[in-house]
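Work through the exercises below with the sequence and the model open beside you. Each task is followed by a solution that goes step by step.

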Amino acid sequence: GGGQNMDIDGTTNEAAVGTDLTLRDYLWMLFRQGSVIVACVATVVAVVFCLQELQTPLYEASVKMLISGEKQIGSQFYRDLPGNRNSQLALNQAEMVLARPVMERVVEALRLGERPLDYEQQYASAFKIFFMALKERMFPTTLAGYPPERQQEIRHQMAVRELISRTEVQPIRDTDLFRIKVKDYSPQEAALIANVVSRAYVVFDLEQQLAELQLKYGEKHLKVQYFQNNIQEMLKTLDGKTLPTISAIGPASVKIIEQASPPLVPLGMPRGKMLLMGFVLSVFLGVILAFMFEHFDQTLKTPRDVESLQVPFLGAVPRCAIGAGGTASGAGRDAFAAAADRVATEMKKRNYRALAVISAVPREGTTTIALNLAQVMAERGQDEKILLIDAHLRAPSLHTLLKKNAGPGLCGVLDGAVEAAAAVQAVTPRLDLLSAGITGKNAVRCLDPQRLREILSRFKERYAAIFIDCPDWHSCSDAETRVAAADAVVLAAQEGRVRRQVFLHILAAVRERVPVAGLILNRRTYPIPKMIYDRL
């Protein structure tokens, strides 16, 4: 939390109890579930970062080509189709560009089959290189078992398949143009391969026309020789170097309009922008999860939750407010002072004298609450005295906290071994203690409800208020014996620990025996930083 941002009465936003939720309530939920939001943001950002590191940047270069050039000879293979001409031609070109004769020529021209198998590692992040090396160790891809000729053939086929997978033909809508796009880890290599693919396709187109001309005119016709010369010239350009515009256009029916140049940025969203988007989305997701967790969390956390049980809210004790001796200080002391005022008001209004402090489950802080309420009321009293009774017969601790002897205590009084007045020890001039006494495994057998009522009846004549520190209702089968002897019950509940359903069940059982004066929230957190809280 960001400090003890409590109101004067030691609680937060109690005026809002029973009313609509305010901005402070929503912020309280968000700050209380801050760990959920932080975990969500950290997880999403870490996942986005790892995915980016596992993704080697790809660059895409493209060549623009024209597909409406005239053929040198009419043929049923080249006759234009009526209707949907552009779409049909685009599909044809896509299939022809990706044809194996074109791709194999590119692989041979650029010797792509001779690339090292770990070519990607030259451009991958160290994070991905680690996983690539791990994968290679687990699933090694070795060609050592094949003869050299077979190895070369396999490498060649692998390069062809990879080139086909990284090449895309994209028609330009409502035109006779299309783009050949090639992806590679290097921008220079992407542009080089894209240019060679386009020229290899031009060579392929020229070879198709040459075959038709040879069938019609024979080998020695001028047109045939002209095409053969152009094919030889285009084959020389498969080194990927930039061509003059006129040479790039050439005599083929498909013409290179715009050659590829190295791209400046890789494909996809920039890393910084992606991380920012992941961060923003993770914050929204974290906020949604925080509200969901709050909605489904049925434990007692706020004064609003307490009053939803139809139980008066007596106050809240902040976390870490109790010292080693069980006595509160600072903000905790102020919280107990506010709670003591409410308890005193309830006692005066209902004419209560003896209050049993009890919890639903163990370790809810009943001992420290009973002790501090008694101390605060004793300090504020004038001539009135307060009595603190330790009814934790199985595990007494009040005499240890107050540095007193165990004495005969309550057990001795109930057994008749000592008078009640003689068993009481003075703590301060206005605060007395009746310890649990010397207890054992059979100590609870001395508990007689009628005898306990008689003892409390005598004490009520001497003390203005009596606080009985009782064990929890859930694990102590005879807790009702102590409760039934008191005038009313003060419930203690640690924030965010016990579900409402459990409390409702125990409340029904307690109310059958004794009235409920109210409930005190123990170890309450104040997650909103004081600087923000004070401005709401």
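This is a predicted model: local features need pLDDT of at least 70, side-chain atom pairs count only at pLDDT 80 or more; totals for chains, interfaces and linings use all residues.

Residues are numbered from 1 along each chain as its sequence is written, and side-chain values use heavy atoms, with hydrogens and water left out.

**Exercise 1.** Classify the pair formed by Phe 127 and Phe 131.

Solution. Rings of Phe, Tyr and Trp (its six-membered ring) pair if their centres lie within 6.5 Å, and planes under 30 degrees apart count as stacked, over 60 as edge-to-face and the rest as tilted. A search of the whole structure gives 8 aromatic pairs. For Phe 127 and Phe 131 the centres are 5.1 Å apart and the planes 75 degrees, which makes the pair edge-to-face. The two residues lie 4 apart in helix α5 (residues 126-138; a DSSP run of H or I, at least four residues), so about one helical turn separates them.

**Exercise 2.** State whether Phe 127 and Phe 131 are buried or exposed, or in between.

Solution. Buried means under 20% relative accessible area, exposed over 50%, and partly exposed in between (1.4 Å probe, protein chains only). Phe 127, at 31%, is partly exposed, and Phe 131, at 37%, is partly exposed too.
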